[in-house]
Amino acid sequence: MRLQHLFTSLAGAALLLSCSGNSVIEDFEHGLDNWTPQGDVFQGTSQGGDATGYQGAAYLKSVDDDALSGSLTSSPFKIAKPYINMLVGGPRALGFGGPSTAIRLLVDGQEVRTASSISAEPNNLEWISWDVKDLIGKEASIKIDVAPARTFGTRRMPRGYLLVDQIQQGPKRLSSFFDEYAVTLKADKKYILIPGANSGVNSRLSVEVDGVNILGNAQSARPAATDIEYWIPINVEKYAGKDVTVKLTGIRTTDAVYGAVRTSDDPGNDPHETYRPLVHFSPAFGWTNDPNGMVYVNGEWHLALQYNPYGTSHGNMHWGLSISKDLIHWEDAPAIIAPDELGSIFSGSAVVDHENTAGFGKDAVVAIYTSAGAGQRQSIAWSADGGYTFNKYPGNPVLADPAERDFRDPKVNRIGDQWVMALACGQVIRFYGSKDLKEWYFLSDFGTGYGSHEGVWECPDLMRFNYGGQEKWVLFVSINPGGPNGGSITQYFIGQFDGKRFKADPLPYPLWVDEGVDNYAGVTFADAPDGRTVFMGWMSNWAYTGQTPTHVFRNGMTLPRDLSLKSNGRHTILASVPSPEVYAARGAEKAVDGATGADAFELPEILAGNKGAYEIDFTVVPDAKGVFSFNLSNSKGETTVWTFDLERNKLLLDRSKSGLVGFSPSFAAKPVEVKLNPRKEYKCQLFVDKLSTELFINDGDMVFTNCVFPTEVYNRFGVGAQGCKFTVKDVKVYELN
């Protein structure tokens, strides 16, 4: 039976209990007779237990069981005072993204306010207040809602539980917490800056002009609660003179963000923080992972990338854009593809449609990407201005397979008279063909029984080479996790592609594009000049990327490499060497005398005034199968050591004393160990930047990319040996700029 004696109405307002100006709507001291239930997640009130912060003897708690769901709805009452206050507890993180477990205020059947737990301790109830001044006089009801657990892609999100007590109307807000904090500023400068932090609780961010969210969808952000670690810059140039309203959920009056949102002509963040690379791409602000949409257009290299413009953690996946004339120095441009109703924007590629096959115009740049919403589907967008701005195709998605959970990362090439897409589908790569980039037909798949299947297959690339007068094809497949040294890595296959099927040559797979642990998801630029095959990869590893010790940005890309095929003396391999543009970035050269018949060699100062980016070239000729090593170090005793174990044909990297290592147990717990191709001498090119090392051995035999975080620039170099002597020759140092 439904009792209504505790709720206001036109005829029954006098029945509300009054206390210090507050009218108690419900205190749960009398059970749930005053509520209309649906489902079985509410099974009575609770007393005692683990809960804290409630008042009186009883409070409401939903059953903590993901299999149960339901709601409680109050009888109608008249909103008579400026605030509705309530004590609420439960797991806090579940409130983001339109909480499925929440308290809702309904007016005319429509949800007008929402609240979920704000407490850092799930079983502690804290005051939440709704400002309802604009609703005074309206009839309303309260719905306490626990929806079923939800699934996002392949990830199941538990929906948690709610604790509720003391729902009141009153003249004052009892909470220091704003379910939605709004601040309106005049767009009198280039940016609105929002204080943010690398850790904390996510908030929904909207930025509204004339009632429209200029970010498109609400985005996830981490507003600064204590220290302001960075500023989230929102470019509002085109709205000059207008009022701009920033809205953030889950803000307290004690948070650093409260009252600190401001305008500025500067984006607010230090462009020269400790680990900001000098000759590698990194975003001016925000998170990046996979390189996407890489294309050479009108004399410019366009690097699109997985990008979060609103924080330094993975989320809000857009395609960012940066442009370079020389592959070394990059200028950020506005993000080109933003999330939409089909989902986040995951990885993909771009092509120049020289023949106007898609009907978007001759030489239109067409992006092909994964829309990652309820499922993973392929979509396209086109640019008529050389790749600076894009229009989404209204017929998206252009390719879907509801049966496939992992169905992503399209890499498209023009092969013969068709477009060919390589697409990652679980543990295989599927190939699709198209005449117009809109309608796709299945060609074949590849992967069963080949290479490493230790992790999910993703980020493919298919490329053509001429080797020894024959046409050869190389297929890239990135895997995560499952790398031989943990985390993520990219493998490749060499073979033939006939326009429909890829057939791998019989080689000792798996073969790795880069033997280091910090080069993943790399692909090649479309339309590179002079027939070059130019590669860049994401310079990080999923095992620890979210914890690396940068502040206003996270992650960057490798140096560009030109790819070719060669023999390592035993079989054909993919050779990766620094692109010519890398050599063009060399500054002053420093020649150094080598050593003959030595067991130690030292360069006590790599460069005078070392800024942290340099190249060291040297060749080591051992006289026996012993062990030799070289190292970088600084005055603090931090050191990174590369060891060539010639008895075991192994190369090892020890990062355990390299600088900051404690941010993740996966970073330096054990040496990175890989196979070494035996040679009589080892020609080494070591490229060092503020957070990275890239070692190229014997003109493409091997490349070995690994990040380090010294607290002072490495400016010492040494070589040592055990069980052998060595000659060090051709030693040169170049500043990179």
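**View 1. Arg 586 over the ring of Tyr 734.** The charged end of Arg 586 is 3.9 Å from the centre of the Tyr 734 ring. A charge sits over a ring if NZ of Lys or CZ of Arg is within 6 Å of the ring centre and within 35 degrees of the ring normal. The model is predicted: local features need pLDDT of at least 70, side-chain atom pairs count only at pLDDT 80 or more, and totals for chains, interfaces and linings use all residues. Residues are numbered from 1 along each chain as its sequence is written, and side-chain values use heavy atoms, with hydrogens and water left out.

**View 2. The aromatic pair of Phe 618 and Phe 630.** Rings of Phe, Tyr and Trp (its six-membered ring) pair if their centres lie within 6.5 Å; planes under 30 degrees apart are stacked, over 60 edge-to-face, and the rest tilted. The count by this rule is 40 aromatic pairs. Phe 618 and Phe 630 are edge-to-face, with 5.1 Å between centres and 75 degrees between planes. Phe 618 belongs to strand β49 (residues 614-622) and Phe 630 to strand β50 (residues 627-633), so the pair ties together parts twelve residues apart in sequence. Strands (E, at least two residues) are DSSP runs, numbered from the N terminus. Phe 618 is buried at 1% relative accessible area, and Phe 630 is buried at 0%. Buried means under 20% relative accessible area (1.4 Å probe, protein chains only).

**View 3. Phe 667 with Phe 709 and Arg 655.** The two Phe rings form a tilted pair, 5.9 Å centre to centre and 55 degrees between the planes. Phe 667 is buried at 2%, and Phe 709 is buried at 2%. Arg 655 lies over the face of Phe 667, 3.9 Å from the ring centre.

Notes. Helices (H or I, at least four residues) and strands (E, at least two) are DSSP runs, numbered from the N terminus. Buried means under 20% relative accessible area, exposed over 50%, partly exposed in between (1.4 Å probe, protein chains only).
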